[in-house]
Amino acid sequence: MMILKTRVAGKDIEAPAEFINGILWIHYGGRTFATEAGPKKKKRHRAGGSSGGGDLEAPMPGKVTKILKSVGDSVRRGDVVLVMEAMKMEYTLKADADAKIAAVSCRVGEQVTLGQTLVAFESESAEA
Amino acid sequence: MKKAIKRVAIANRGEVAVRIIHACEELGLETVLLHSEPDMGSKAYRMATKTICIGPAASGESYLNIEANIKGALAGGADAIHPGFGFLSENASFAEAVEKAGMVFVGPSADSIRRLGDKVQCKALAKAGGLPLVPGYEGEDQSLERLMREVEKIGYPVIVKAAAGGGGRGMKLIRQASDAQEAIESAQREARSAFGSSKVFLEKYLDRAKHIEFQVFGDSTGRVVHLFDRECSVQRRHQKIIEEATSPSLTEALRRQMGEAAAAIATLGKYKGAGTVEFLLQDGEFHLLEVNTRLQVEHPVTEMVLGVDLVKAQLLTAMDEFVFDDQPRIPRGHSIECRVYAENPYLGGIPSTGLLGTVKWPEGPGRRFEYGFEKGDEITPYYDPMIAKVIVWDESRPRAIRKMIHTLKESVVFGVHTNIPFLIEILNHAEFVNGTMTTRFIEKYFPGALPAPEMTNEEKALVERGLKQKPGTIRSSSTAVATQPLPWQGYWRGV
């Protein structure tokens, strides 16, 4: 850890900071901030939230405990597609829009990493 | 007859393992930490007299494996086992196995655990003892059809819970018929994975209730006392986040009545050691929720207002030693505990794992920090996300709230995201400040992710400076968490 020092609007400020695995952490004014390296942030899926219209990605590292849909299934917005477990809690991943399952790229019991694509969708209208 | 204990095995991990080691050290007892493979990077591992690896990361093969724990404790030369909370702490078969192997189980008897800890049996005992209960179904028929029928009978909303559960695991809310099947199956899966039994029961969900619990303690002479109340209404997905002692919601008459009821059911269950009787309080009426036959996560707030050491008291009781004198114990001042979870509040609380960097807990009068991980340790995805507890004490509730906000703002955790910003929002909320919050507080006021705050000019300037300087770089040795070294694209994320 080191202390960052800088000057803003004529005022000297300092804050403890640290780089950990490519992420810069800073604590200042009662808040901690992380600044990440990497390409434009991908839309992340919220636990119990929705898939944002794109493919379903793991919102955290964890284990796939249940896959409720198969390739070719039609899903409605809000349908539970997959259940994951991390830190002893279950998280349900839901479809964000009406769509068809194009591919399931994970297995029940599989340990998946953050951002890994789990289920790919294709829009139903494209088929019609 | 007093039992000689020289070395205590700890069948647990994280901050509670550290808490138990502290108590053992003060009593001159040696410790054996029974740990899983990834938990070699933890404070308890570094503190224990001896360490024995009992299995891989998956808790079913390590922390929940009775045989592995018994073998490990015997190999480590322990004459007693403290189970902490969670894992095997409320498992009667484990308590029995410990005694059968010739060691002392630090906790109630297997018989007490069965009678009080099994939520179904506990309800039967409470019914016999005339304690008020929440309406529900706790039958042996665990078929989906039967459970679905009972849900209809009770009327929505209904809550499905693991019979062997606790800590919000294996617990799901059913608001309408279409939720029922998924909720029941999910609760059964979580119950099996967390507690080794998929048995569930159903309860009418009280939607404007407060969670009030009483600490009880049975000493070695068989006398059971209550050590006053805690309020734990601030919960998310039935997992407590902020607890306090004593509750701001009880009149003296209600406190006396509930305290007597708590001591009564513990006495009926021939309770020995530290336990907790949980109630729901709605419209001035209280209902027994469950009895936890173990130490609670939130035990420190009781310790702070009463000046007791519950873990030492547990160990002394296990040795048949004298614990509390006959002085009347009266709570003084107010204590609050905040659970620090490794999660990102700006992404709806999804778990955050990785290498822990610098951690600074701002010591000061009336502040207490319980933690199990330090700089260089890895927060792994295998276990509960609670990485620390911050506890404060002050003369009054408003002062304790103010002290907690200040303490949290001064706390530094680098490497994983924490719920600290979320805790501060809660502590500042009018309903929390008034003390009128119910168990639906979070759901009502914080249903989604916290909005990420805009970065101030000062924060932006610090980030800019930091990216130029690359201060104190740490890299994880594990490839699982290593991030690809990619060019800076300059987007910020508040933690």
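The legends below describe close-up views of a predicted model.

**Figure 1. An edge-to-face pair of phenylalanine rings, F214(B) and F279(B), joins two strands of chain B.** Over all chains, the count of aromatic pairs comes to 13. In this one, the ring centres of F214(B) and F279(B) are 6.2 Å apart and the planes stand at 80°, so the arrangement is edge-to-face. F214(B) belongs to strand β10 (residues 210-218) of chain B and F279(B) to strand β13 (residues 273-282) of chain B, so the pair ties together parts that are 65 residues apart in sequence. Both F214(B) and F279(B) are buried.

**Figure 2. The rings of F422(B) and F446(B) form an edge-to-face pair between a helix and a loop.** The centres of the F422(B) and F446(B) rings lie 5.4 Å apart with their planes at 85°, so this pair is edge-to-face. F422(B) is part of helix α13 (residues 420-428) of chain B, while F446(B) sits in the loop between α15 (441-445) and α16 (457-469) of chain B, so the contact ties together parts that are 24 residues apart in sequence. F422(B) is buried, with a relative accessible area of 7%. F446(B) is buried as well, with a relative accessible area of 11%.

**Figure 3. Helices α12 and α13 of chain B run roughly antiparallel.** The axes of helix α12 (residues 397-410) of chain B and α13(B) come within 10 Å and cross at roughly 160°. Angles over 145 degrees count as roughly antiparallel, so α12(B) is described in this way relative to α13(B). The crossing of α12(B) past α13(B) is left-handed.

**Figure 4. Aromatic rings of chain B take part in a cluster and in contacts with arginine.** Y63(B), F87(B), Y382(B) and Y383(B) are linked into a cluster by ring pairs. Elsewhere, R329(B) lies over the face of F324(B), at 5.0 Å from the ring centre. R397(B) is placed over the face of F432(B), at 4.7 Å from the ring centre.

**Figure 5. A salt bridge between E458(B) and K11(A) crosses between chains.** The structure holds 47 salt bridges over all chains. One of them joins the side chains of E458(B) and K11(A), at 3.1 Å from N to O. The pair reaches from E458(B) in helix α16 of chain B to K11(A) in strand β2 (residues 11-20) of chain A. K11(A) is partly exposed, with a relative accessible area of 45%.

**Figure 6. R294(B) and E90(B) form a salt bridge between distant parts of chain B.** The side chains of R294(B) and E90(B) meet at 2.7 Å, N to O. R294(B) lies in the loop between β14 (285-292) and α10 (299-306) of chain B, and E90(B) in the loop between β4 (80-82) and α4 (92-100) of chain B, 204 residues apart. R294(B) counts as buried at 10% relative accessibility. E90(B) is also buried, with a relative accessible area of 18%.

Figure 7. E150(B) counts as buried, at 7% relative accessibility, whereas K153(B) is exposed, with a relative accessible area of 65%.

**Figure 8. Cis peptide bonds and positive phi values are found in chain B.** Most residues other than glycine have a negative phi, and most peptide bonds are trans. The peptide bond from Y156(B) to P157(B) is cis, with omega near -5°; P157(B) is placed in the loop between α7 and β7 (158-166) of chain B. A245(B) and T246(B) are likewise joined by a cis peptide bond, with omega about -5°, and T246(B) lies in the loop between β12 (239-245) and α9 (252-268) of chain B. F87(B), which is not a glycine, has a positive phi of about 40° and is found in the loop between β4 and α4 of chain B. D283(B) has a positive phi near 50° and sits in the loop between β13 and β14 of chain B. D283(B) is exposed, with a relative accessible area of 58%.

Methods: Residues are numbered from 1 along each chain as its sequence is written. Chains are lettered from A and ligands numbered from 1 in the order in which they are written. This is a predicted model: local features need pLDDT of at least 70, side-chain atom pairs count only at pLDDT 80 or more; totals for chains, interfaces and linings use all residues. Side-chain values use heavy atoms; hydrogens and water are left out. Rings of Phe, Tyr and Trp (its six-membered ring) pair if their centres lie within 6.5 Å; planes under 30 degrees apart count as stacked, over 60 as edge-to-face and the rest as tilted. Helices (H or I, at least four residues) and strands (E, at least two) are DSSP runs, numbered from the N terminus. Buried means under 20% relative accessible area, exposed over 50%, partly exposed in between (1.4 Å probe, protein chains only). A charge sits over a ring if NZ of Lys or CZ of Arg is within 6 Å of the ring centre and within 35 degrees of the ring normal. A salt bridge is a side-chain nitrogen of Lys or Arg within 4 Å of a carboxyl oxygen of Asp or Glu. Axes are lines fitted to C-alpha atoms, for helices over the stretch in contact, and angles run from 0 to 180 degrees between N-to-C directions. Angles under 35 degrees count as roughly parallel, over 145 as roughly antiparallel, 65 to 115 as roughly perpendicular and the rest as oblique. A crossing is left-handed if the near helix is turned anticlockwise from the far one by less than a right angle, and right-handed if clockwise.
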